[in-house]
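I opened this model to look through a few places in turn. My entries follow in the order in which I made them.

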Amino acid sequence: MRATLDNELRSIHVDIIKMGTLIEKTIEETITALVQQDTVLAKKIVEGDDRFDEMELEIEQQCIYIIARQQPLASDLRKIFSIVKIVTDLERIADHCQDISKLTLDLADKKYVKPLIDIPNMAKQVKEMVKMTIDCYIDQDVDKSKIVCANDDVVDKYFYIIMNDLELVMKEKPEEIKQCMDFMMIAKYLERMADHATNVAEWVIYSVEGVHFEGND
Amino acid sequence: MRATLDNELRSIHVDIIKMGTLIEKTIEETITALVQQDTVLAKKIVEGDDRFDEMELEIEQQCIYIIARQQPLASDLRKIFSIVKIVTDLERIADHCQDISKLTLDLADKKYVKPLIDIPNMAKQVKEMVKMTIDCYIDQDVDKSKIVCANDDVVDKYFYIIMNDLELVMKEKPEEIKQCMDFMMIAKYLERMADHATNVAEWVIYSVEGVHFEGND
Amino acid sequence: MNNQKSQTNNEKNERKSVHIDQKRIDRRILINQISGKVFFSSTLFALLVLSILLYRIFSQSIGWLDLHFLTSKLSIFPEKAGIYGVIIGSLGLMAVVIPVTLVLGVSTAIYLEEYAGKSRVQNLIKVNISNLASVPSVIFGLLGLALFGRFFKLGSSILAGGLTLSLLVLPIVVVSSQEALKAVPGFLREASYAMGASKWTTIRKVVLPVAIPGILTGAILSISRAIGETAPLVVLGIPALLLKVPTNLMDDFTALPIQIYYWTLDTVLTPEYANLAAATIVVLLITLFLMNSIAIIIRNKSQKGF
Amino acid sequence: MENKIDVRNQIRNNIGKRKNNVDKIMPRFFLIMASVSVITTIGIVVTLITDAYHFFKEVSIFDFFSTKLSPLSANPSFGILPLINGTILSSLIAMLVAIPIGLTSAMYLSEFSSKRTRNFIKPILEVLAGIPTIVYGFFAYSFVTPLLMKLIPSLEAKNVLSPGIVMGIMIIPMVASLSEDAMKSVPNALREGAYGLGSTKLEVTTKVVLPAAISGIMASFVLAISRAIGETMIVAIASGSSKNFTFDITHSMQTMTGYIVEFTSGDAGSGTTGYYSLYAVGLLLFIFTFIMNIIAQYISKKFREEY
Amino acid sequence: GATKEETTEATTVATTAQGETQATTEAMAKLDGQVIVDGSGTVYPLMAHIAEEYMTSVQPEVSVQVGRAGSSAGFKKFIPGETDLSDASRKIKDEEVTQLADKGMNMDENVLEIKLAYDGLTIVINKENTWAAEMTKDEIINMFLSGKYKEDDVVLWSDIRPEWPAEEITFYGPNENHGTYEFFYETILAKEPMVTTANLQQEYSTLVDLVSKDKNAIAYFGYGYYESNTDKLTAVKIDFGNGPVAPELSTIGSDLAYAPFTRLVYTYLNLDYAKEKPQVLDFAKYIVSSEGAARLASENGFAPLPESEYKAYQDKLNSLK
Amino acid sequence: MTNYENKIVYDVKGLNLWYGNDQALKDINIKINKNEVTAIIGPSGCGKSTFIKTLNRMIENIPGVRTTGEIMYHGINIFDKTMRVEELRTRVGMVFQKPNPFPKSIYENVLYGPKIHGVKDKQMLQEILETSLKSAALWDEVKDRLHDNAYGLSGGQQQRLCIARALAVQPDVILMDEPTSALDPIATAKIEELIDSLKSDYSISIVTHSMQQAGRISDKTAFFLMGELVEFGNTEMIFSNPRDKRTEDYITGRFG
Amino acid sequence: MTNYENKIVYDVKGLNLWYGNDQALKDINIKINKNEVTAIIGPSGCGKSTFIKTLNRMIENIPGVRTTGEIMYHGINIFDKTMRVEELRTRVGMVFQKPNPFPKSIYENVLYGPKIHGVKDKQMLQEILETSLKSAALWDEVKDRLHDNAYGLSGGQQQRLCIARALAVQPDVILMDEPTSALDPIATAKIEELIDSLKSDYSISIVTHSMQQAGRISDKTAFFLMGELVEFGNTEMIFSNPRDKRTEDYITGRFG
Ligand SMILES: Nc1ncnc2c1ncn2[C@@H]1O[C@H](COP(=O)(O)OP(=O)(O)OP(=O)(O)O)[C@@H](O)[C@H]1O
Ligand SMILES: Nc1ncnc2c1ncn2[C@@H]1O[C@H](COP(=O)(O)OP(=O)(O)OP(=O)(O)O)[C@@H](O)[C@H]1O
Ligand SMILES: [Mg+2]
Ligand SMILES: [Mg+2]
Ligand SMILES: O=P([O-])([O-])[O-]
């Protein structure tokens, strides 16, 4: 029954997973590029962002086509609707990777004021969150999604620590203010990425349960 | 023909416009609160953000119901799809107003390092953009939407000017670094708001023309 | 075209398929054309017979069928003879047959179609009517003779003849009325019930108005059958010579088909009787033709595209 | 809205007030009318059986089914077989004429003819069907027999062949019309299905339409036979009244119906065995056609294909 | 049978005769009602003619209906009282008299036998039959007798006279329904069985046709049916011992040349009805009047009786009331 | 009739229905509200038509039908002896799958109900005619040919005529059994709009095979399955987030 | 036949069609591809059925029909004298709105085509039977009652039987005129799946009243309006972003 719809849903599903996995990889690379000041990698990431835009467009288009052609209802419709939303969040996450990598390029010729510890940790946490989110999506796992939402707090905490750190650094080393400002932005981007991951998790919950999860935003 | 669909579409349309107008007002207020360090207003804005979340949810739900019940196709479907996307952007804009207002509250007890000129200007520009976007949406005006997209550059320029300014200020007044960091974030938020406005405009173009506008992102 | 086709064939055969045999198609088409012609000629046969029959009868009636013939009484002398009394006899029969069959036939049909369920009694009536329809007319003559002629002592009066013919055509009227009622779509009845109408109201206001053209068509056709019936009247013992024009339903009578019969038999004594018979046949045929035309007109006029 | 309530109330009041007497009386009236047909059948059966009973008191069944029929001679004998023979032969001839011509005509009208031709021919067939049998009798006697005598010199002036043929002609419209109806009522969808597979007209007709309409067609045959068996005037006029038991169709023969007519219009004064023989033959005829009818009904039921 | 001119003539005679009728019968009351006549098909043309004359010229309001069921059939209706008059081409049989008596009707008292006219039993053959135009009475009787020539009754003309063709004779005649059959069988054949190959028909028309189309046919029936079909049939001249005699109105009669094959045709009147219903009596009187059978017999192929016989009936009927 | 003013028009309680020995409806409990469109959906043979025909006792025209349970109509059990079907059916109009106008004029069709129920006043009839046709959104299309035969109308117009005919006796409730399944999409859209506009004055129950249609026009949706009422609730909920797995499967076309 | 191996099965060029004096098709130009499902949509009376019936010349069964233009079928104009309808129709199968199996056994139904085309070999017939029924996704449901009358099947099964019957003569193209409009949603879904699976072997043209259906199953969609081909293109495009205003109006239900 409804083989075409199922096929098409599955195809989108696969696309989302592909996109998610690619983003995970991109986050990983973004951190590496940032930490190792790898301009080649960073450049690659910046240039590769177009792929995510394309993916987003492609998936959205597919969703429209499915709605137009298959008239999905109930759980099918919720699934597609969630995908439409999720894909935006994923694209934003990728966007932020690009943003971070751009800053990495800006910082390429500078020596970091201090070894990066918190930012990579935060990034790792964000990457974990994104990975978990993708897993949630794959498994349509409500419980795990709720955990992801909770995890957002951890990232927020990192953000505040980093901000405070940076404030101190800037006060100590005014010449590095520019650099710190960039790191601030990086932290902000990471924080936003976590937010987006949380959104994805919330949409997974909606997709499965049909009700919006009243988590934190 | 299709009176119910038209009614329901109109009702969502009105909701979006309401939301847009409310956001315009909120941006205005956000600037006022920031400039005049009006904590009451800022608090109101922070607290009022829930309304936008509700509005977003409400509109999304309505879109789902319309899709489920009315099976919109072609332009109707594109319109609804755009709305689904637009509402997220609008909500984010409102979110950022909240973010800015939270910072306004943080900054409430401090005297600003220097009179705010660029930020309010930038904010005004952003507000203009949002307002234009809403107009574009109301009129489903493709040409104007394209102008909005172009305007994004202006905001970006402001952002860089402000960043440079702040860098200088921080270097000069390390004690005000904290404050400057907040202003940085505010600028960033404003920049994001403009981005979201651009997105909205792009979705209006899609809704009308059925193709994605290849503007800047 | 041909090698192109074989190309297709090859392609098809790979798909393990039906081989399109050109000769076979040609043959099929030829056989089809021939049989079409054969069927047509066989249809023409009926037309041919009809035209011969009409030609024979009409040409034989020429010179005999005139106003005098229609307005004079019977006579044993061919040139004096007229069929005025005969026509009156036939009309008298109709005067009995029409009301009796309509009332009995339509009522029975309404009962069977609208009221009867599936009980045994009702089933019995249904089976009975279809059987009655195929009982030969002579048998009705025997019934009429015994029942109306002897038992009710109506002799060979118009009433006896009319009632006999009524019973004879009753099944036809019932069946055709039933068909007409059946043809009233169930959804019209439902519509009426759903408006809160009672059964009889529904029948009267919805079912009958729709069915009436069909009922009339059937009635006219069966009445024209009655007009042409001979055997039951022969059995009833209609006198061969009756000069008096019947004036009431209890009078003896002759009717068109009976007169044709007697005149046909009597050509042996008076050959001109054959012409009289032919002329009477023409009168009978014209009458029937008119009635059939009316029936067809009614039928065509009433065709509703439900 | 004023008016609305008004109508509502008026209608509801009216319903409340109404008594449904007519609704109770009508069904009873119709039932009584309907029972007339049953009474008719009973009348027929009683009439036939009571008088046939008198007959069988005098004549044994064995004698009844013998070949010698001379009801009025000094030593009357009432063998019915000559009559049955005459009936069957004449009906057989009629069927030989009516079935092939009727069926092929039906096939032509239903499947091959253009609408215009059909609209022209169908009414003519109906006219043909509506012609009283006495006219056919006249036709048989005054035209067909003389014509046949030219072809078959040994033909007697009264014979079974001529009325058989004319009876067949008379029945053609019935067979054609009923068969055509049956074929026409085969849904067009079936034809389209067959044409869609590349069938020729003939294939559509013989492989799809005929099988689908077979019940109606068979029923029309049986009804036609029944009609031929019961047909009276044609044989009364054209086949004579010879009571010999022969299979020579050029000879005069008498059918059961002919016998009845001869006797009622002849010597049918009440009381004699000859008189009662009339009813015995009538009863037999009744049973014959009754059986035919049962067969027809059985066929239509048995072969009814739902589409 | 009447060709066109003859009939017209007859009609004029009838109309001119009207005056005489009224002259002889004293001005009588207008009558109405029915007279029902049934019986012999042989007598039917004569009786129908009389009836029509009566109704057109004498009592237009009286409806005389004439049936033609056959002599025996006529009696079967007459005995239970269904008819007023019953025509017969033979004399009433003893059984029938008995049956009448059972119903309380006795001959002469309740039923009056009226002799109407003479009929000559005519033996007819096909026009093409040139050999058998004359035969002796015995030849005719013998050829019709079963088993006389052949066991299987397949008789050849050559069986009768060797010089005649060796072709099978086909026998025809009216069937047992008819008084003509009874006369032929009982009187001529003296109740000896008839050839089983005989084709006996109900309708005279059939017989005429059959004989006219069959070269080897031979049939018997009333003179009237021959007279109407002289163009189709040949009447056999019969040698009763005094040379061949053709059946003609002038030879048919109880004491004329064709006497052996001559028979009487009758009508039987229900006297009770005649007393009850004036129109029945009046019609009966008309039958035996000079305008009735006496005048019309010859027009229908019968030979009239002597005047005196009719007169006797007139007296008898006049005496009824 | 006590709670005539209540919102609940029909209150069906524990309704069971048998055709001979086959149970076609099993313990149905449902409330139908005033001024709402209630859609009845479910796979073929689930009992939709049976249910709706029970509401005005049209089901009684089928021999061998037996019911238990109650159907309270404005507080009165329609199976009560005191309830006359004629009356019930004037209060509860019905519209069928195939448009079934009488083969009479448009005028006669609309006024059939009022006339058989004894409305004779000419002017009143004229008024009924006009309001009914207007309510059925047909007046403008037919006002110049009121005395033409109804079969001259298009399928969609015929169906609206049938609705007008039902409206003419001023019912409370209109039952519709797949009223658009014989119509083309455009005519269907017109009828759907009409239904939407009628709900301010009437309660409407509509059986439909088309889930899309149920979605488009109904406020409440009842999902039947094999004679059972599986789910009943707000249409949006049923279509976007049904509670029962079977409803979900049916809604998403994964049934069976 | 030059481009037989081409993707194009039908190339309709400037087709006009008249019923008597009424033009039902106006200058239709359309190409139908191999292994694609082409949906034909449009309002009632726009000429959909007329068009599809023209493709296998079934339209000729209607008197008074006249055409101009060309329909190239694998490069041969089907209106050519040399093209015999019997042959064309064997190559171009047709499935109708209402399932129309012959009132014969399932076996006889499927093998009707092969038999009239003179296939006599028992084993071959058996093979054709099996493959056709399997292709039509019906084999499992009927394999134990091949000699039962086809009317014992459900509507959906009957329609699949008709498809099997069409497949039995191995056509290139299958034309379908509203093949599911008489079926319930479940049977419809089955047929739609079947169509989807058949397109790897056949070209399919399907007329449908249901835009949803056109959306679900077709690769290309042609929109007809008053005898004109208004728009023809990829189904996704037609449904999400039609180029012609009239298509848009029809698609969104705002037509007329
Ligand atoms: N007159 C009847 N006699 C016996 N059983 C019936 C009758 N009418 C319906 N049924 C049975 O009752 C059940 C419900 O039928 P109903 O017509 O109500 O279904 P439905 O939901 O309206 O289906 P559809 O969508 O096909 O119209 C079915 O199983 C059907 O077979
Ligand atoms: N046999 C016919 N004779 C005359 N005109 C016809 C005939 N068949 C169809 N038409 C006309 O041709 C036009 C196209 O008809 P067609 O049946 O092709 O439409 P359709 O698109 O299939 O409609 P539907 O969706 O109702 O099946 C219509 O205007 C119709 O009235
Ligand atoms: Mg139903
Ligand atoms: Mg069509
Ligand atoms: O008819 P018949 O005179 O011979 O009895």
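**Entry 1: a helix in chain D**

I began with helix α7 of chain D, and found that 20 of its 24 residues are buried, so I noted the helix as mostly covered, buried being under 20% relative accessible area. I kept in mind that this is a predicted model.

Next I looked up the extent of α7(D). The helix runs over residues 161-184. From its first C-alpha to its last I read 33 Å, close to the 34 Å expected at 1.5 Å a residue.

Where does α7(D) bend? I found the bend at D:I171, with an angle of about 35°. I also noted a proline, D:P173, which follows within four residues.

**Entry 2: the surroundings of ligand 2**

I then turned to ligand 2. How many residues surround ligand 2? I found 13, and the closest are G:S44, G:G45, G:K48, G:S49 and G:T50.

Which helix gives the most to the shell around ligand 2? It is α1 of chain G, residues 48-55, with three residues.

Six of its residues are polar, five are nonpolar and two are charged.

**Entry 3: polar atoms at ligand 2**

I looked up individual distances to oxygen atoms of ligand 2. For G:G45, a polar backbone atom is 2.7 Å from an oxygen atom of the ligand. For G:C46, a backbone N or O atom lies 3.2 Å from an oxygen atom of ligand 2. With G:K48 the side chain is involved: one of its N or O atoms is 2.7 Å from an oxygen atom of ligand 2.

I followed this with the area. Ligand 2 taken alone exposes 620 Å², and the protein buries 59% of that.

I checked backbone angles last. Most residues other than glycine have a negative phi.

Where is A:Q71 found? I located A:Q71 in the loop between α2 (39-70) and α3 (74-107) of chain A. Is A:Q71 buried or exposed? A:Q71 counts as buried because its relative accessibility is 3%, under the 20% cut-off.

A:A74 is found in helix α3 of chain A.

Conventions
Residues are numbered from 1 along each chain as its sequence is written. Chains are lettered from A and ligands numbered from 1 in the order in which they are written. This is a predicted model: local features need pLDDT of at least 70, side-chain atom pairs count only at pLDDT 80 or more; totals for chains, interfaces and linings use all residues. Side-chain values use heavy atoms; hydrogens and water are left out. A residue is near a molecule or strand if one of its heavy atoms lies within 4 Å of it. A polar contact is a pair of N or O atoms within 3.5 Å; within protein, one must be able to donate a hydrogen and the other to accept it, and residues adjacent in sequence count only if both atoms are side-chain atoms. Accessible areas come from the Shrake-Rupley method with a 1.4 Å probe; for residues, only the protein chains shown count as cover. Helices (H or I, at least four residues) and strands (E, at least two) are DSSP runs, numbered from the N terminus. Ala, Val, Leu, Ile, Met, Phe, Trp, Tyr, Cys and Pro count as nonpolar, Asp, Glu, Lys and Arg as charged, and the others, Gly among them, as polar. The expected span of a helix is 1.5 Å times one less than its number of residues. The bend at a residue is the angle between axes fitted to the seven residues ending there and the seven starting there. Buried means under 20% relative accessible area, exposed over 50%, partly exposed in between (1.4 Å probe, protein chains only).
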